[in-house]
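Here is my note on the model you sent. The points run from the overall layout to single contacts.

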Amino acid sequence: MRCEHCDQGDRRPVKQAKLAERDGKVAVVLEVPMEECQACGERWLPWDFARRLDELLTAILASDVEVGTRHFGTHDASAA
Ligand SMILES: [Zn+2]
């Protein structure tokens with residue numbers, strides 16, 4: 001799909017870690033699927049993925065660990 005941001009490149013699927021910080025706690029969600037433009041670097045996260053990402057980050061920040069990581073595709077909590 002053509003990038004509507006720069007009109008120079010194609011969007012391709014990538015997986016990227018997303019991080020959130022609150023009250024001294026850090027939440028990391030790994031391998032979040034999104035699209036990235038190879039030309040300008042603009043990224044798109046579909047709405048339903050964004051919502052799931054938000055739920056995961058919120059759940060990690062609500063837990064008792066200082067730094068929590070999860071993979072986007074699983075429900076496993078692997079707290080570091
Ligand atoms: Zn672009």
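1. Helices and strands here are DSSP runs, a helix having at least four residues and a strand at least two, numbered from the N terminus. By that rule the protein chain has one helix and five strands. In sequence order they follow the pattern β-β-β-α-β-β. Please keep in mind that this is a predicted model.

2. Overall dimensions come next. The C-alpha trace of the protein chain spans about 45 × 25 × 20 Å along its principal axes. Of the 80 residues in the protein chain, 26% are buried. Among contacts with a separation of 6 or more, 44% are between residues 24 or more positions apart.

3. Helix 1 has a buried side and another side with exposed residues. Its buried residues are Leu-53, Leu-56, Leu-57, Ile-60 and Leu-61. These cover an arc of only 130° around the axis, and therefore lie on the same side of helix 1. Trp-47, Glu-55 and Ala-62 are exposed on the other side. The buried residues are covered by elements including strand 1 (11–22), strand 2 (25–37) and strand 4.

4. The largest nonpolar core has 12 residues. Among them are Val-14 and Ala-20, Val-29 and Met-34, and Phe-72. Strand 1, strand 2 and helix 1 each supply at least two residues of this core. Which element gives the most? Helix 1 does, with five residues.

5. Leaving out residues up to four places away in sequence, Leu-57 touches Lys-18, Ala-20, Ala-27 and Val-29.

6. Lys-18 deserves a separate look. This residue is found in strand 1. Is Lys-18 buried or partly exposed? Its relative accessible area is 31%, so Lys-18 is partly exposed. The C-alpha atoms of Lys-18 and Phe-49 are separated by 12 Å, and the two residues are 31 apart along the chain.

7. The structure holds one aromatic pair. Phe-49 and Phe-72 form this pair, which is edge-to-face, with 5.5 Å centre to centre and 70° between the planes. The pair links distant parts of the chain, 23 residues apart: Phe-49 is in helix 1 (residues 47–62), while Phe-72 is in the loop between strand 4 (67–71) and strand 5 (78–79).

8. Buried means under 20% relative accessible area. Phe-72, at 7% relative accessibility, therefore counts as buried. Phe-49 has 29% relative accessibility, so this residue counts as partly exposed.

9. Arg-52 lies over the face of Phe-72, at 5.2 Å from the ring centre. Arg-11 lies over the face of Trp-44, at 3.9 Å from the ring centre.

Methods
Residues numbered from 1 in each chain as written. Predicted model: local features only at pLDDT ≥ 70, side-chain atom pairs only at ≥ 80, totals over all residues. Heavy atoms only, no water. Phe/Tyr/Trp six-rings, centres within 6.5 Å; stacked < 30°, edge-to-face > 60°. Buried < 20%, exposed > 50% of the residue type's maximum accessible area, 1.4 Å probe, protein only. Lys NZ or Arg CZ within 6 Å of the ring centre and 35° of its normal. Arc of directions from axis to C-beta. Contact = heavy atoms within 4.5 Å. Core = buried A, V, L, I, M, F, W, Y, C linked by side-chain atoms within 4.5 Å.
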